[in-house]
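Here is a short report for a reader who is new to this structure. Look at the model first, then read on.

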Amino acid sequence: GWVWKPIDRVGVYVPGGKASYPSSAIMNIVPARVAGVNDIVLASPSPDGVFNPLMLYASIAMDISKILRVGGAQAVAALAFGTETIEKVDKITGPGNKYVAEAKRQVFGRVGIDSVAGPSEVLLIADKTMPEQLAAIDLLAQAEHDQNAQAILITNDREYALKVENEIENYLKKLKRKEVAELSWRKFGAIVIVPDFKKAIEVSNLIAPEHLQLCFADAENYLDHIKNAGSIFLGFWSPEAMGDYITGSNHVLPTNGTAKFSSSLSVFDFMKRVAITKVTKKGFQKLGPSVVRLANSEGLQAHSLSVSERLKYF
């Protein structure tokens, strides 16, 4: 059988440098609390010595009493190894920049981690039934995260694609985070034209996007064909921004194609599955000889004797 046990001590990293994300505190702390983790410590950079008050409020509302004024790779190292003033944790979760991601990769094994997350991504599959203005702003909603974020549109209509591209240029003149969004779109944005939506899904499965928005006719009928995606947003009224904040899916998601083998952060990431074995006398009598043969075939005499000596009691 199995029993499930919460991890004893978890460190949650929340970005706070170029941008601060109170929602990331919620997305990491809530599943840890639901899992039963009692000891949660939050680490976040505080530019000029000032925490984002919304991040503080979100954390304190979830009963977090240990908040560290430390960020970057050094925060990950402190949580993983411990310092004179910071107790080491058992697992580190939460997004960060490329230095935070690399630090998490290097400490994995000494502590658990959720994932080595890269920049945010969205793949929007849409047809002309979706207004081009909304398609454009949904793409830029990811681009404004980070200059290395990626936004991709796949459509079956060349004229529609050109209209969306034009709307992106219009919005880029207005956004407060214009410089970040524009760098992201120029470097990593893309518009792909396909003959049909079956081909669009094939391309999507190859990319394995973090966020996949489906905004085309009969999109729901294609769900069974989607193999790789961190989180799917289905239909006109389900922009990715809803999932970032309020609809219940976690916004800590696999990036860089890792949706091919991993999933979003959840309660299970804060629990351990412990196996339990109990063999009855009758079961031992039936299974024991097979263990003896297998142990002998591997040359492990003590393993074999551990069972064969018991068999003498029958």
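Strand 7 (residues 121-126) and strand 8 pair in the parallel sense, over 5 bridges. Two strands count as paired if DSSP finds at least two bridges between them. Helices (H or I, at least four residues) and strands (E, at least two) are DSSP runs, numbered from the N terminus. Within this pair, Val122 has Ala151 of strand 8 as its bridge partner. From strand 7 the chain passes through helix 5 (residues 132-143) to strand 8, a right-handed β-α-β crossover. Right-handed means that, with the strands pointing away from the viewer, the path from the first strand over the helix to the second runs clockwise.

This is a predicted model: local features need pLDDT of at least 70, side-chain atom pairs count only at pLDDT 80 or more, and totals for chains, interfaces and linings use all residues. Residues are numbered from 1 along each chain as its sequence is written, and side-chain values use heavy atoms, with hydrogens and water left out.

Strand 8 also runs parallel to strand 9 (residues 190-193), joined to it by 4 bridges. There, Thr155 stands opposite Ile193 of strand 9. How enclosed is strand 8 (residues 150-155)? Largely, because 5 of its 6 residues are buried. Buried means under 20% relative accessible area, exposed over 50%, and partly exposed in between (1.4 Å probe, protein chains only).

Next come two helices. Helix 6 (residues 158-172) packs against helix 7 (residues 178-188) at an angle of about 155 degrees, and their axes are 10 Å apart. Axes are lines fitted to C-alpha atoms, for helices over the stretch in contact, and angles run from 0 to 180 degrees between N-to-C directions. Helix 6 is therefore roughly antiparallel to helix 7, a label for angles over 145 degrees. Helix 6 brings Ile168, Glu169 and Leu172 to the contact, and helix 7 brings Lys178, Ala181, Glu182, Trp185 and Arg186. Contact means heavy atoms within 4.5 Å.

Most residues other than glycine have a negative phi. Asp48 and Asn256 are listed below with their positive phi values.

Terms used. Parallel < 35°, antiparallel > 145°, perpendicular 65-115°, else oblique.
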